[in-house]
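Q: I'd like to learn how to read the place where two chains meet. Could you walk me through it?

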Amino acid sequence: MPSSTDLSVTDPGSLSADARVRHVDELDERAQAFLDAARAEGTTPDDPPADLTPGDVVVFTEYYRVR
Amino acid sequence: MTASYVIIGDGIAGSSAAETLREKAPDAEITVVTDEGEALYNRILIKEFAKGKLPEAPVSIHDPEWYDERDVDLRLNTLVTDVRPDAHEIETHEDERIGYDKLLVAAGGTPVQLPVENSDADGVHHFWTFQDARRIKEAAESAETGVVVGAGLLGIDLAAISAAQGVDAHYLMRGDCWWRYALTEDGAEIIHDALRERGVTPVFGSGVDRFETDDDGRVTAAVDPNGDRYECDWAGVAIGLDFNTEIVQGTGIETDSGVVVDEHMHTSVEDVYAAGDITRYHDLITGELEQNGSWGSAKEQGSVAATNMIEPESEQFRWVSSYSITHFDFPFLSFGHPTVGDDYVEAKYSDTEWRRLAFKDGKIVGGVLIGDLSAQSAYKQLMREERVVADQKAALMEKQVDVDALAPAQEG
């Protein structure tokens with residue numbers, strides 16, 4: 001489980017060929033809710049879920065990079 | 001004696017099953033047969049590729065080494081022509097017979113062809129596979145005008161591809177709104193507005209009566225039942241899926257617009273299982289036979305099927321699905337079965353926020369949320385717990401839903 005997680009909007013055009021990209025529907029429920037809360041609040045909530053791995057890019061309303 | 005498992009289909013259901021089988025049966029023979037020319041790819045992300053947002057590489061999930069590392073025999077470009085449950089074997093188009101101890105049918109579906117004149121013309125596209133996405137992307141990049149048909153979850157992907165590729169498109173719908181079986185006009189108008197903002201014009205009470213072509217057989221226009229003509233050099237059709245059940249016809253395996261399975265993903269024939277889009281499964285929450293086309297559901301079904309192929313009736317499929325649309329700057333979530341209710345409640349909170357719940361026998365069986373998904377966890381929990389809550393619609397339509405504040409759990 002990551003000790004801290006940051007989500008930031010990223011430009012899909014900047015992704016490398018080996019980028020790990022997932023769609024929000026591939027996440028477990030907790031990660032989906034976490035991602036939506038981050039989108040709605042504009043900040044990354046505490047207690048990040050294990051299903052979000054640093055380096056991942058998740059397709060939601062934007063492309064979000066997990067740091 | 002080494003157990004042998006054969007899986008028809010290398011989508012997420014079939015692939016999930018292969019992975020689970022290898023984890024639980026290290027010494028088993030596992031064969032995956034697919035008519036596609038490539039291994040598992042992300043069917044959700046192929047639309048992002050077609051929109052021009054993603055390159056190909058991130059869309060591919062498995063490379064050949066994945067199968068080699070797990071000693072899974074992957075047969076690409078291989079069509080299964082016959083299934084013989086009595087003989088415990090399948091036959092391929094190359095007349096090869098592959099024996100099995102247990103078989104998993106995860107063959108998915110094929111886009112329904114629009115039964116109108118010139119629906120097979122050049123420039124008219126159906127969208128299901130990665131190869132379809134490549135063709136659609138290439139065509140859309142040079143197209144100027146488009147028509148989209150199919151007012152559901154697949155059609156809107158084509159509309160979004162049009163928008164992303166700068167194609168000036170008309171989205172022809174038979175009904176009064178997009179996804180009329182799950183949304184009312186209040187909710188659908190949020191989608192309509194978003195489409196219009198992106199250069200896609202919804203047209204209601206429409207559809208396609210025929211396509212017109214030029215002398216080279218390329219599509220030039222769609223004519224709707226009202227006689228209205230929409231020029232297009234690109235057309236996308238997404239009116240549903242035919243499930244690939246033809247290979248089990250005549251085998252005794254029960255079908256009903258899909259392969260019928262119980263909660264263990266077992267078909268009506270011993271040692272034959274099914275998983276993914278092709279199934280009509282006994283849903284433990286609704287108590288009915290249901291179908292579901294979501295990625296997470298297919299992945300879970302594959303895993304559950306595999307577990308039961310090794311140890312029969314050891315695991316049940318009990319699942320609340322999620323299906324998100326991510327084409328817009330607001331979120332859209334469909335969960336469960338939003339179209340099968342005997343009772344509904346909806347609320348509109350703003351021009352961009354709306355939700356609707358479907359109930360059956362007083363319990364939530366599905367819903368749609370647009371713009372604000374904060375209540376999704378509560379709704380899914382209530383659905384999972386099968387709580388009778390339809391008598392508390394006002395509380396359920398509060399912006400924030402407090403599950404603990406609702407009346408105590410009841411069994412319906």
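Q: How many residue pairs are in polar contact between chain A and chain B?

A: A polar contact is a pair of N or O atoms within 3.5 Å; within protein, one must be able to donate a hydrogen and the other to accept it, and residues adjacent in sequence count only if both atoms are side-chain atoms. Between chain A and chain B there are 6 such residue pairs, both at pLDDT 80 or more. A word on the ground rules: this is a predicted model, where local features need pLDDT of at least 70, side-chain atom pairs count only at pLDDT 80 or more, and totals for chains, interfaces and linings use all residues. Residues are numbered from 1 along each chain as its sequence is written, chains are lettered from A in the order in which they are written, and side-chain values use heavy atoms, with hydrogens and water left out.

Q: Which residues form the salt bridge?

A: Look for a side-chain nitrogen of Lys or Arg within 4 Å of a carboxyl oxygen of Asp or Glu. The count here is 1: A:Glu29 pairs with B:Arg384, and their closest N and O atoms are 2.1 Å apart.

Q: Which parts of chain A touch chain B?

A: Helices (H or I, at least four residues) and strands (E, at least two) are DSSP runs, numbered from the N terminus. Strand S2 (21-23) and helix H1 (29-41) of chain A each supply at least two residues to that side. H1(A) gives the largest share, 5 residues.

Q: How much area do chain A and chain B bury between them?

A: The size of an interface is often given as the accessible area lost when the parts come together. Buried area uses a 1.4 Å probe and is summed over both parts. Chain A and chain B bury about 1800 Å², with 52% of it on carbon and sulfur atoms. On the chain A side, A:His23, A:Asp25 and A:Glu29 lose the most, together 29% of what that side buries. As for contact (heavy atoms within 4.5 Å), 21 residues of chain A meet 24 of chain B.

Q: Which residues line the largest cavity?

A: On a 1 Å grid over the protein atoms alone, a cavity is a set of points where a 1.4 Å probe fits but cannot get out, and lining residues have an atom within 4 Å of a point. Here the lining is A:Val24, A:Asp25, A:Gln32, A:Phe60, B:Ser324, B:Leu333, B:Leu373 and B:Gln376.

Notes
Buried area = accessible area lost by both parts, 1.4 Å probe. 1 Å grid on protein atoms, 1.4 Å probe; cavity = no way out; pocket = protein on both sides within 12 Å on 5 of 7 lines; lining within 4 Å.
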